[in-house]
Amino acid sequence: MATTLATAAADTRAAATHAARIEHVSKRFDGPAGPQLVLDDITLDVAPGEFVTLLGASGCGKSTLLNLVAGLDKPSAGTIATDGRPALMFQEHALFPWLTAGKNIELALKLRGVPKAERRPRAEELLELVRLHGAYGKRVHELSGGMRQRVALARALAQDSQLLLMDEPFAALDAITRDVLHDELTRVWRETNVSVLFVTHNVREAVRLAQRVVLLSSRPGRVAHEWRVDIPHPRRIEDSAVAELSLEITEQLRGEIRRHGQH
Amino acid sequence: MASTETTGVTKTPGDGQDLAGLEAGLDALESQAGPARTPVRQVLVQKVLPPLTAVLLVLVVWQALVSSGIVDDPSKLPAPSAVWDEVREAWLQGTLLDYIWTSVSRGLLGFLLALVIGTPLGLVVARVRFIRAAIGPILSGLQSLPSVAWVPPAVLWLGLENRMMYAVILLGAVPSIANGLVSGVDQVPPLFLRAGRTLGATGLRHTWHIVLPAALPGYLAGLKQGWAFSWRSLMAAEIIASSPELGIGLGQLLENGRNASSMPMIFLAILLILVVGIAIDLLIFSPLERRVLRSRGLLVRS
């Protein structure tokens with residue numbers, strides 16, 4: 001192939017083979033005791049359609065990393081390449097209380113430049129996808145915690161991004177609702193073929209959802225270990241295979257945490 | 001889709017139909033039905049009756065003071081009936097509504113002007129750091145300056161004319177409205193700002209779609225206070241600066257009462273000023289505020 005096209009070709013190939021490519025990323029913050037290294041030389045790829053969970057104890061900078069990938073903050077060193085602007089879901093639903101559930105989704109569509117006539121049907125479709133067809137005209141405060149997170153998921157999907165970033169989105173929910181939303185997220189992920197980078201401190205949740213679990217060490221955050229999860233879907237959080245791998249990962253995680261008590 | 005999955009390993013059915021049913025059950029259990037409308041009777045008993053009782057009680061005590069002879073000088077405290085006669089007379093002469101309209105039209109027009117000036121001012125102060133540092137403190141300082149202080153310079157600058165009244169109203173109300181918006185913007189949860197940015201809202205679109213609607217409750221509180229300041233400023237201006245060309249508003253009525261040593265007229269004027277101020281708040285601002293808060297689930301029913 002002609003060499004003049006090499007860079008352009010490489011770019012498209014990168015876009016095709018990676019939903020996100022994080023290379024040698026470090027992040028420092030200016031703390032009270034001078035600059036503090038939060039993330040240290042993180043290299044991580046997310047393939048198109050892949051589901052990756054980032055796991056770590058507090059202080060591992062997993063939320064910081066997600067903010068960097070979302071483009072809300074800039075890395076101190078290294079590069080992050082994503083295919084378009086990623087969608088981001090927070091622990092709090094972050095739905096706008098002055099809009100109805102449907103209008104929240106339509107705002108995302110509008111900001112993406114979707115023509116007015118297409119917004120309403122598309123919003124209904126997305127609500128249908130998260131099984132909330134009746135919720136279009138509902139105000140945020142009229143919805144339960146689980147319903148809010150599903151609307152938030154629909155709004156994130158409205159961005160039509162190749163990559164969905166999730167920052168402990170189910171941490172504030174009760175166990176029953178969380179379990180149902182795990183199923184729901186798995187179903188939506190398989191139907192839409194979106195790539196997911198999911199941050200959590202819950203080992204079982206990580207194993208339950210992901211194809212790949214990445215463990216970050218704390219202060220500074222580094223990639224400590226990685227596991228492939230080959231347990232077939234549908235999985236349940238109480239499956240013995242899930243429990244077994246969770247145990248192994250928990251041991252490693254505890255080891256990482258223990259290191260901090262030693263000096 | 002889910003029904004085509006081959007599920008050989010799991011013992012629990014993770015079937016899509018099952019999940020949908022489970023989810024529908026959870027949704028039904030967890031979402032509360034909207035609050036039922038309070039019956040009219042209950043509203044009357046809980047909201048209307050107490051203030052009516054209070055007013056009635058004041059009238060009874062007032063009448064008792066006069067008829068028992070504890071206060072026997074009608075030039076100090078006229079009987080409620082004397083004030084009522086004053087109201088009736090003004091009504092029959094057709095001047096009552098004129099007094100009210102003169103002041104209310106001035107007050108509302110002045111308030112609208114203050115709104116038009118205060119809103120962009122507040123937005124700029126809230127969003128532009130340099131401008132905030134430059135005039136933010138002055139703006140909050142102006143709020144504590146009684147607007148009656150502006151009447152003498154306004155008369156000298158603009159003469160005894162309507163525009164002088166408007167100037168005093170603006171100086172009283174603009175800082176309130178701007179400050180309300182500033183504190184409204186300051187109280188917008190950072191989460192909404194981040195969410196807006198991840199959805200792709202930047203610059204003016206961010207302000208229009210995220211910041212302004214999020215700041216609306218604080219802004220409305222500022223408007224409410226702005227109206228109170230407008231009305232007070234106007235009354236101060238009308239009392240101090242009376243001139244035949246200006247027509248008789250409620251402030252002038254009060255001043256006329258003083259000049260004529262007519263206590264009933266003074267009471268009438270005070271009563272009207274109070275009633276108009278409360279009425280505008282009850283008819284315009286409170287419903288607006290309640291509507292916004294209720295639609296966001298921020299109104300706690302007591």
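In this predicted model, chain A is divided into two domains: domain 1 takes in residues 20-86 together with 163-263, while domain 2 covers residues 95-160. The centres of domain 1 and domain 2 of chain A, taken over C-alpha atoms, are separated by 26 Å. Where the two meet, eleven residues of domain 1 of chain A are in contact with nine residues of domain 2 of chain A. On the domain 1 side, α6(A) provides the largest share, six residues. By class, this side of domain 1 of chain A comprises eight nonpolar residues, two polar residues and one charged residue.

An unreviewed UniProt entry places the feature "domain: ABC transporter" at residues 20-245 of chain A. Over residues 20-245, chain A is 35% helix and 27% strand, and the end C-alpha atoms of the span are 26 Å apart.

Chain B can be described next. Chain B contains eleven helices and zero strands, and the sequence accordingly reads as α-α-α-α-α-α-α-α-α-α-α. With a radius of gyration of 28 Å, well over the 19 Å that the globule rule gives for 302 residues, chain B is more spread out than a compact globule. Along the principal axes, the C-alpha atoms of chain B fill a box of roughly 100 × 55 × 30 Å. Of the 302 residues of chain B, 30% count as buried. Among the contacts in chain B that link residues at least 6 apart in sequence, 70% join residues at least 24 apart.

For chain B, an unreviewed UniProt entry places the feature "transmembrane region" at residues 48-71, 107-126, 138-158, 164-185, 206-223 and 265-286. Residues 164-185 of chain B are 100% helix and 0% strand, with end C-alpha atoms 32 Å apart. Residues 265-286 of chain B are likewise 100% helix and 0% strand, and here the end C-alpha atoms lie 30 Å apart.

Finally, we come to the meeting of the two chains. The contact draws 35 residues from chain A and 34 residues from chain B. On the chain A side, β5 (87-89), α3 (101-111), α5 (145-158) and α6 (175-192) each supply at least two residues. Among the elements of chain A, α6(A) gives the largest share of the side that touches chain B, seven residues. That side of chain A has 18 nonpolar, five polar and twelve charged residues.

Terms used: Residues numbered from 1 in each chain as written. Chains lettered and ligands numbered in written order. Predicted model: local features only at pLDDT ≥ 70, side-chain atom pairs only at ≥ 80, totals over all residues. Contact = placed C-beta atoms within 7 Å. Helix = DSSP H or I, 4+ residues; strand = E, 2+ residues; numbered from the N terminus. Nonpolar A, V, L, I, M, F, W, Y, C, P; charged D, E, K, R; others polar. Rg over C-alpha atoms; globule rule 2.2 N^0.38 Å. Buried ≥ 20, exposed ≤ 12 C-beta atoms within 10 Å, placed from the backbone. UniProt positions renumbered as here; feature names shortened; annotations may be inferred. Domains from an automatic or database assignment.
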